[in-house]
Amino acid sequence: MIDIPTVRKAFPIFQNQPELVYLDSAATSLKPQCVIDAVSGFYTDHTSNVHRGDYAIAAENDALYDGTRKVVASFIHCDPREVIFTHNATASLNQAAYGLRKFLKPGDVVLTTKAEHASNLLPWFAMQKECGIKVEYAPLDSQGRLTEEAFLSAMHDKVRIVALAQVTNVTGAEQPIKAIAKAAHAYGAYVVCDGAQSVPHMPVDVRDLDVDFLAFSAHKMCGPGGTGVLYGKKELLTQMDPLLYGGDMNARFSSDGTVILKEAPVRFEAGTPAIEGVIGMRAAIEFLQKIGMDNIHAYEKELRAYFLQRMQELNNIEIYNPDNAYGPVAFNAKGVFSQDAAGYLASRNIAVRSGNHCAKILHEVIGTDSTIRASLYFYNTKEEIDRCVAACSDISLENAIGIFF
Ligand SMILES: Cc1ncc(COP(=O)(O)O)c(C=O)c1O
């Protein structure tokens, strides 16, 4: 059980923006005071670089920064040496793709879906152009869901990489990653899992899922911007090349161009990292762990079911993912352009996102390239949902356009 009033007290924005109904957590989440304090404490009390200073606060930051690997490892169930700090899920996915290049040859296939976010498609498209591999798509149903059978129908022995979101960012389809990873491994393929929309919302155990890589961003799970994680299996990380070269990640280099790199994970963290971001992410994970990921998952499921049921009562609303148990609700007001409708909701202090949500080929699956996405997190309430539903019931062409005149 989540004590919602106590949880909401932890987020200063609810006091500072009392009228706001924030339903855009899939874009970025709100931040609790403990995360704000962890970040500002770095600036006010212990600013320094990491892995470079020989003084007390530098040692403190080394311990906080490197210690966060253990916190992340306990959160997703891996070895701390398998936790790479990046700048976001996008950087993590690009690093995974770049690092896997050396395992690919022309004609090899990356199997993905049309429901993926740009950051889990464009790196593979780039490789298609540069390395002669091919991107193929496993078939989805009309709500963006991939079944194990559909995955198997698309799988073949040229597939070397399977790149999939555990939960997709528009329709919130939760894909059967564990079964897919098992099947992919039987073909000798690697599995790159985009956890940007799953890790903030549910318990995720990389050992149990047996994925080879998992990418996610701190800012979608109560943490600061500019920080992400790439989990990678140790035996793969030791063979992979970094995407970036520079300070800290090298052990030695000489004038003839010889470079000796450090071991993973530092090998993949060239240059000064977002230290305050990593420290803030630690505070965010500890905050989430205190509430309990099982509790968060259960509460969000219940809240979404309530939201869906209320939205289904409205005649002017078309919903694109009614059968998904989880994630955002993707909808349109009939006959109203999604951005106009989102503008109307904004005029009622309801914050949602409209458009294609960086999933620019999903329209081939769900039949529209522009939706309103209302995305929940554990700090949302039924009262907020009631306010959103009431505002949605009033969306019409006249109302939506009217706000611009
Ligand atoms: C499923 C999914 N993958 C990847 C990303 C990219 O995350 P970021 O912008 O934090 O790099 C997002 C962001 O919305 C997402 O929803």
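**Sheets, ligand site and backbone**

Analyst: Ile-319 stands opposite Phe-331 in strand 12. This is a predicted model.

User: How many bridges join strand 11 to strand 12, and how do the two strands run?

Analyst: Strand 12 covers residues 329-333. The two strands run antiparallel, and the number of bridges between them is 3.

User: What is the strand order in the open sheet of 4 strands, and which strands are at its edges?

Analyst: The pairing in this sheet is antiparallel, and the order is 11-12-15-14. An edge strand here pairs on one side only. That holds for strand 11 (317-319) and strand 14 (353-355).

User: Which helix packs on this sheet, and what angle does its direction make with that of strand 11?

Analyst: The packing element is helix 12, residues 293-312. Helix 12 touches strand 11, strand 12 and strand 15 (371-374). Its direction relative to strand 11 is about 135 degrees.

User: What is the order of the open sheet with 7 strands?

Analyst: The pairing in this sheet is mixed. Read across, the strands come in the order 2-8-7-6-5-3-4.

User: Why is one side of strand 2 and of strand 4 left without a neighbour in the sheet?

Analyst: Strand 2 (83-86) and strand 4 (134-137) stand at the edges.

User: In strand 6, which residue is the bridge partner of Ala-163?

Analyst: Strand 5 (residues 159-165) and strand 6 (residues 190-194) run parallel, joined by 5 bridges. Across this pairing, the partner of Ala-163 is Val-192.

User: Which strands does helix 4 touch?

Analyst: Helix 4 spans residues 56-76 and packs on the sheet. Its direction makes about 115 degrees with that of strand 2. The strands touched are strand 2, strand 7 (213-217) and strand 8 (228-232).

User: Which strands does helix 6 touch?

Analyst: Helix 6 (residues 122-131) also packs on the sheet. Its direction makes about 135 degrees with that of strand 4. The strands in contact are strand 3 (109-112), strand 4, strand 5 and strand 6.

User: How far is a polar side-chain atom of Lys-220 from an oxygen atom of the ligand?

Analyst: Thr-90 has a side-chain N or O atom 2.5 Å from a ligand oxygen. For a polar side-chain atom of Ser-217, the distance to a ligand oxygen is 2.6 Å. For Lys-220, the value is 2.6 Å.

User: What share of the ligand's accessible area does the protein cover?

Analyst: On its own, the ligand has 390 Å² of accessible area.

User: How do the residues of the shell around the ligand divide by class?

Analyst: The ligand is surrounded by 13 residues, and Asp-194 and Gln-197 are among the closest. By class, the shell has 3 nonpolar, 8 polar and 2 charged residues.

User: Where is Pro-265, and what is omega for the cis peptide bond between Ala-264 and Pro-265?

Analyst: Pro-265 is in the loop between strand 10 (259-261) and helix 11 (275-291). The cis bond joining Ala-264 and Pro-265 has an omega of about 5 degrees.

Note on methods: Residues numbered from 1 in each chain as written. Predicted model: local features only at pLDDT ≥ 70, side-chain atom pairs only at ≥ 80, totals over all residues. Heavy atoms only, no water. Pairing = 2+ DSSP bridges. Contact = heavy atoms within 4.5 Å. Axes fitted to C-alpha atoms, helices over the stretch in contact; angles between N-to-C directions. Near = heavy atom within 4 Å. Polar contact = N/O pair within 3.5 Å; in protein donor to acceptor, adjacent residues only side chain to side chain. Areas by Shrake-Rupley, 256 points an atom, 1.4 Å probe, with all protein chains shown as cover. Nonpolar A, V, L, I, M, F, W, Y, C, P; charged D, E, K, R; others polar.
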